[in-house]
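Here is a short tour of one model, written to be read with the structure open beside you.

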Amino acid sequence: MSSSKINSAEPLQQNPAQDNDDRLRESTDALRTIAEASKQAAEEKDPPQADAAEWKGKFEQPDKISGGKHDVVHCESAQNLDDQNDSNNQTNEHGMGSNEVLSRGESDSAHGAIQNQMTEKVLFELTWSSKGNDIVSCEMGNIKTVGRTSEQITLTWKSEPQTVLIITKPNSTHVRDLCEDIVSWLYMHKKKIYVEPRVQEELLNISSYFEFVKIWQDDLQEKVDLLITLGGDGTVLWAASMFQGPVPPLVSFSLGSLGFMTPFRRDGYKKQLESIIKRPIRITLRHRLQCQIVGDSAEEENATAKAIFVLNEVTIDRGQSPYLTNLKCYCDGEYVTSVQGDGLILSTTSGSTAYSVAAGGSMVHPQVPGILLTPICPHSLSFRPLMLPEHVTIGVEVPASSRSSAWVSFDGKGRKELKTGDKLICSMAPWPVPTVCLNGSTRDFLCSILEGLNWNQRKTQSSDGPPQPQP
């Protein structure tokens, strides 16, 4: 009896070891199978996807482009500004969605040095006024939206702005007179005023009283609370180009020939400036393009990797060449089409009322985040203007088969030659230009196209037409 128990127990004592060996063998075989499958999948990777990933990794490097001194604001604004629609869905108990876009001086401990540089700036916050909540429901596979949200953005100062930079249109008596009045008014309100050297010289020629006016310097970009332009849209473009990072709120007075971005007038400037400084203001976030020219060789690529920020448009044309331009267009690294014609315009929505609309493009509200692709006299009747979302990266290349080189300009200046093999890379910049509204973003835009372009204005049809037949 006992012997049988011992005999029957022996195989029970051997099973665990055998089971462990079998499991180890099975695990080894499984790992080997997984490794072979992974190797095979890597070898069979789709070449177009690999090229797209390489293109995007090579040219989409905003962190390296922006520079270290703006990394704090970049972390706050790049994500929030590119995701405006997502942030609009978040509302508080008062029906007001909040966003920390363009907030100054708020950073984590890892950026302590940068925070010390930003503490001199006046803080503010932005809110989206809401007429109703955006409610998205998905029941039984059906997506439905209820309610709409106003996109008007309001800026609220946490304290009065102290440092003001004034940019003026040159060679204009009206601009010089208004500049003198505004500088005197700001000085009475104890503001620090900075101007360009040319403007300081003009003011000192008027009177030595203006010795308190200081000259604008590069390091002042970290301290400017409010930017004022006196001129037309060209003055706004010039002022925006001075800031390669975050741009302070911009108040533009119309003293030029075009006024799509200059809603304020000279009359009543004191009341308008006092309201802007002391009360919440409505602003329009005008998106900019961030552009790079990448050479055919590695040496040229490193030498021309500096980013160029554009508020209106990038224009690629054939210059003085008698041949049509031959340009290959890519979207996120994927080939889209070839442009054969006089050129191509890559425009922001703020620049949709400039060169783009003259070439047949649509007029778009400036707060719509998108990139307009407009051909210039294309050699194809089916090549119509196209609008792409703001998150894409557009590449334009001059192929080796092109008969001649092309030329590119940024907001009408900085003209450069694109030789065969060169590429232009454009994406949405993380830092928009916040322009102060006079009556509201939409109303200002509609008034600008009505007054600036005489949009849809014609003689009213006569009411004394032929009698209508009776039924």
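At roughly what angle do the axes of helix 7 and helix 8 cross? This is a predicted model, in which local features need pLDDT of at least 70, side-chain atom pairs count only at pLDDT 80 or more, and totals for chains, interfaces and linings use all residues. Residues are numbered from 1 along each chain as its sequence is written, and side-chain values use heavy atoms, with hydrogens and water left out.

**The two helices**

Two packed helices are described by the angle between their axes and the distance between the axes. The axes of helix 7 (residues 173–188) and helix 8 (residues 197–206) cross at roughly 80° and come within 11 Å. Here axes are lines fitted to C-alpha atoms, for helices over the stretch in contact, and angles run from 0 to 180 degrees between N-to-C directions. Helix 7 and helix 8 are therefore roughly perpendicular to each other (65 to 115 degrees). Helices are DSSP runs of H or I with at least four residues, strands are runs of E with at least two, and both are numbered from the N terminus.

R176, C179, E180 and V183 of helix 7 meet V199, E202, L203 and I206 of helix 8. By class, this contact has 5 nonpolar, no polar and 3 charged residues. Nonpolar covers Ala, Val, Leu, Ile, Met, Phe, Trp, Tyr, Cys and Pro, charged covers Asp, Glu, Lys and Arg, and the others, Gly among them, are polar.

**Paired strands**

Now to the strands, where pairing requires at least two DSSP bridges.

| Strand pair | Sense | Bridges | Residues standing opposite |
|---|---|---|---|
| Strand 5 and strand 11 | antiparallel | 3 bridges | T154 and R282 |
| Strand 15 and strand 19 | antiparallel | 4 bridges | Y330 and G395 |
| Strand 19 and strand 22 | antiparallel | 4 bridges | V396 and L424 |

In strand 5 (residues 153–157), 4 of the 5 residues are buried, so this strand is largely enclosed by the rest of the structure. Buried means under 20% relative accessible area, with a 1.4 Å probe and protein chains only. In strand 19 (residues 394–397), I394 and V396 point one way and G395 and E397 the other, and all are buried.

**A valine in a loop**

V224 lies in the loop between strand 8 (214–215) and strand 9 (226–231). Is V224 buried or exposed? V224 is buried, with a relative accessible area of 1%. Leaving aside neighbours within four places in sequence, V224 is in contact with K121, T163, L165 and P248, where contact means heavy atoms within 4.5 Å. V224 and Y194 are 30 residues apart in sequence and 9.0 Å apart in space, C-alpha to C-alpha.

Terms used
Buried < 20%, exposed > 50% of the residue type's maximum accessible area, 1.4 Å probe, protein only. Parallel < 35°, antiparallel > 145°, perpendicular 65-115°, else oblique.
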